[in-house]
Structure formats: C-alpha cells, structure tokens
Amino acid sequence: MLAALAAVVVLISTAIFVGVGNSDGSLDAAARKPGGSAAPASAGTWVGTWSTSAAAAEPNTLRGYAGMSIRNVVHTSVGGSQARIQLSNLYSARPLTITHASLALAAAPSNPTAAAGTMRRLTFGERSWVTIPPGQAATSDPVRLDIPEAADLLVTTYTPRASGSVTYHPHARQTSYLARGDRTEDTAGAAYTEQSPYWRYLTAVDVWSTEAHGAVAVIGDSITDGITSTAGANHRWTDFLAERLRTEPGAPRYSVLNSGISGNRVLTDGTQVPPNNPSALSRFERDVLSRTGVKAVVVELGVNDILRPPHQTDADAIVRGLRRLTEQAHARGLRVVGATLAPFYGHRGYTPRLEAVRQQVNTRIRAGEVFDAVVDFDQALRDPVSPLRLRPSYDSGDHLHPSDDGYRAMARALDLDDLRGGAAAEL
C-alpha cells in the first residue's frame with residue numbers, strides 16, 4: 001500500500017510539473033508573470049476598446065529601435081476585466097522579435113508612469129517573447145486587469161536587435177515615450193525621456209467586457225484621425241461619439257474603434273510596397289471587418305479622392321468605391337452608416353470644379369444609394385450664412401479640418417439608433 005501511495009504521489013507531481021513547464025523543463029513565463037494569464041469569464045464578450053491603423057513605414061528606421069523600450073499611450077472607450085493587445089509588423093521586410101511586453105494603467109493622463117499595482121507582463125502563446133513575420137500581426141494572451149472606460153493605458157514593447165522598418169501611425173494626437181534599454185516593466189516613468197507623437201507597432205487593444213455589446217468601427221481620413229484636435233485631450237470626433245455611447249440613456253453599449261488615416265482615399269493607395277497610406281478598399285478587411293466585436297461601421301471618406309492629386313473628378317467612381325465598402329460590410333451582416341463630405345471652401349486645394357464633385361457625391365449619398373443610413377457631416381459643419389465653407393467656430397483654421405467644437409458637432413450629428421440592427425437587404 002505504501003508503494004502504491006508513493007507511485008500516486010510521483011504521478012501527481014509529474015502531472016503538475018508538465019502542466020506549468022516547457023519542453024526544456026524550465027517554468028513558462030506565464031506561470032511567473034505578474035497578474036498571470038486569464039481565460040475568458042463565463043459572462044461577457046471580447047470587444048475592441050481602442051484601435052488604430054498601420055499607416056506606413058516610419059522613415060529612417062531600417063534598423064528599428066534596437067535596444068529601446070517603446071511605451072505607447074492609448075485611450076480606452078469601454079472598460080473590462082481582462083485585456084489583450086495586437087502588434088503589427090506590416091511594413092517591415094524583416095521579422096520583428098519582441099522579447100518583453102507589458103500593459104498598465106497610466107498614473108495620470110498622457111503620463112508614462114504606471115498606476116500602482118497595475119503593471120502586467122504580456123505573453124504570446126504563453127511565452128514572454130514573440131517573433132512576428134514580415135507583413136503579419138500577433139495577438140497577446142489575455143491578462144487580468146481592471147480597465148476603466150475613458151482611461152489611458154501604457155503598452156510597452158522592447159526589441160533587443162535590429163528589426164527593419166517600424167510599422168507606425170504618424171498622427172496619434174497623443175504623446176508616447178521611448179527609453180533606452182529594457183524598461184518594459186518600469187512603473188516609474190523617469191527612464192522615458194524621449195517623447196513621440198506616434199504609435200508604433202501597436203494596432204489594437206481588446207477587453208473582456210460584461211457591459212459593452214460590441215463595437216462601432218470607423219474608417220476615415222484625417223478628419224476621423226482628428227489631426228487638428230487638441231493633442232492629448234482625446235477630442236477626435238470618435239472620442240466624443242464614445243462619450244455619447246457611454247453616457248446617453250438608451251444608447252447602444254458599443255465601444256468605438258478609430259481606423260482613420262490622414263490623407264486616406266477610397267480608391268487610391270499610396271506609394272511603396274506594401275503601400276503607405278493604403279486605400280480604404282485595400283485595408284477595409286484588416287482595419288475594420290477583422291476588429292473584435294464589430295457590430296456597425298461608419299464610413300467618413302471621399303474628400304481626399306477629390307482634393308489630392310491626381311484628382312478624382314468622376315463622382316460615380318467615388319460612389320462605386322463607397323458602395324463596395326458597404327457591400328463588403330453587408331457580407332458580414334454589418335450595418336453601415338456613411339457620412340456626407342464636409343465643406344472645404346477656402347482650403348488651398350479648393351476649385352469650383354472640385355466643389356461640384358463633392359456636391360455630386362453628397363447628392364448620391366443623401367439619396368440612399370450608398371449606405372444603410374447617413375450622417376450628414378456637411379450639414380452639421382457648414383456655415384449657415386455661407387454653406388460652401390465650414391462654420392467659423394467649427395473651423396480649425398485651414399478651412400478643411402474641424403476644431404474641437406467641430407468634432408463635437410460631428411459626434412452629435414450621428415443618430416445613435418442608426419447603429420443598431422443588421423445590414424440592409426438591398427441598397
């Protein structure tokens with residue numbers, strides 16, 4: 001009996017060791033990391049709380065940021081009890097190896113210091129490192145962390161060696177930070193002496209939420225990117241929309257995912273391979289349809305097709321491109337709300353001929369030929385006295401991009417009920 005009992009003890013001990021160990025006998029990082037990994041709870045759903053679009057290869061980064069820690073600061077739209085992140089290596093021709101990554105709440109808005117007790121080491125497939133092939137992305141394992149709505153998160157990555165061009169989003173309207181050496185789990189921000197207006201590698205943060213029912217994914221250009229909004233204030237129109245969805249009685253409980261890229265067009269890619277500033281048609285699957293928990297789509301695009309050379313002066317071509325986005329969303333059962341094109345009279349690119357194209361596109365959108373529902377940004381932003389231009393209080397000064405007040409007016413213009421339900425059977 002004693003021999004049999006001893007054998008059982010050995011079997012149990014072996015099973016425990018195998019459960020937490022690697023094939024080489026070492027303990028897995030997931031068993032040691034602060035906070036540990038977490039399986040989904042029994043009630044709730046994964047939903048994106050923040051996203052951005054990989055827009056280009058950062059200039060002059062052929063060696064990447066070897067030996068440096070990058071601390072991205074991002075702002076949540078909804079909260080949750082767990083989180084995971086997505087990292088992208090879209091614009092590099094070389095594999096990206098990240099040996100250390102972490103997630104924490106910021107101690108204060110736009111601050112690189114972590115709030116006490118919130119630092120979590122991230123793993124990938126229960127390993128503390130990940131190698132992302134060229135053109136690919138990787139999602140971390142989830143970690144337990146109580147994440148508030150409308151809060152700043154710190155997502156930090158460390159790359160020990162040269163990794164090729166850095167995939168980035170250049171117009172973050174948010175200050176992020178860099179430090180020399182592996183300072184990934186530093187809770188103090190003292191080592192993060194270099195500031196940056198970019199987001200690097202990071203393209204999404206998901207949370208496990210028992211309150212949010214899904215996400216609204218917004219694809220757009222610099223107006224959605226919020227290029228003229230107050231930096232660090234989270235005053236993009238999508239931020240104001242997220243505030244409405246959180247606070248208004250009866251509003252659908254959705255997060256808001258911003259996939260705006262400054263200068264973005266419906267039809268035309270930028271230069272390079274893969275293209276910098278990829279067209280909406282080429283990035284729609286990656287930046288919108290594949291996001292976590294998407295229930296509705298908002299499209300704010302078309303102005304750059306008209307304003308940027310080579311000018312697209314065929315309104316039918318723009319409308320066809322917008323309709324193709326709607327068709328792709330319908331194939332996933334998603335409802336699409338589309339925006340009219342806002343005024344740009346007084347902008348340096350304005351001509352009467354280009355204005356005529358804008359009016360033609362808007363007429364088609366308002367007629368219900370393109371989207372399931374329409375948010376009329378033209379009407380919301382234009383000057384009642386001179387309707388070809390932006391209302392002065394809504395004009396950032398360049399006669400194209402809104403001010404903070406203009407962005408707030410855009411968010412107010414959207415009928416939240418239009419975000420409910422599925423795709424229309426037929427346009």
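A: Let us begin where helix α7 starts: there, a side-chain oxygen of Asp314 comes to within 3.0 Å of the backbone nitrogen of Asp316, and this is a polar contact, that is, a pair of N or O atoms within 3.5 Å, where within protein one must be able to donate a hydrogen and the other to accept it, and where residues adjacent in sequence count only if both atoms are side-chain atoms. The model is a predicted one, in which local features need pLDDT of at least 70 and side-chain atom pairs count only at pLDDT 80 or more, while totals for chains, interfaces and linings use all residues. Residues are numbered from 1 along each chain as its sequence is written, and side-chain values use heavy atoms, with hydrogens and water left out.

Helix α7 covers residues 315-330, and helices here are DSSP runs (H or I, at least four residues), as strands are (E, at least two), numbered from the N terminus. With its 16 residues, α7 reaches 23 Å from its first C-alpha to its last, close to the 22 Å expected at 1.5 Å a residue, where the expected span is 1.5 Å times one less than the number of residues.

Which residues of α7 are buried? They are Ala315, Ala317, Ile318, Val319, Gly321, Leu322, Leu325, Thr326 and Ala329, where buried means under 20% relative accessible area, exposed over 50% and partly exposed in between, with a 1.4 Å probe and protein chains only. An α-helix has 3.6 residues a turn, so residues three or four places apart point the same way. The cover over the buried residues of α7 includes α5 (280-289), β19 (294-300), α6 (303-307), β20 (335-339) and α8 (352-366).

Among the buried residues of α7 is Leu322, which, leaving aside neighbours within four places in sequence, is in contact with Val266, Val299, Leu301, Val361, Ile365, Val370 and Phe371, contact meaning heavy atoms within 4.5 Å. Leu322 is also one of the residues with the most contacts inside the largest nonpolar core, which has 70 residues; such a core is a set of buried Ala, Val, Leu, Ile, Met, Phe, Trp, Tyr and Cys residues joined through side-chain atoms within 4.5 Å. Helix α7 gives the most to this core, with six residues, and the core draws at least three residues from each of domain 1 (54-209) and domain 2 (213-421), whose bounds come from an automatic or database domain assignment. A second, separate core of 29 residues includes Trp237, Ala242, Val256 and Ala339.
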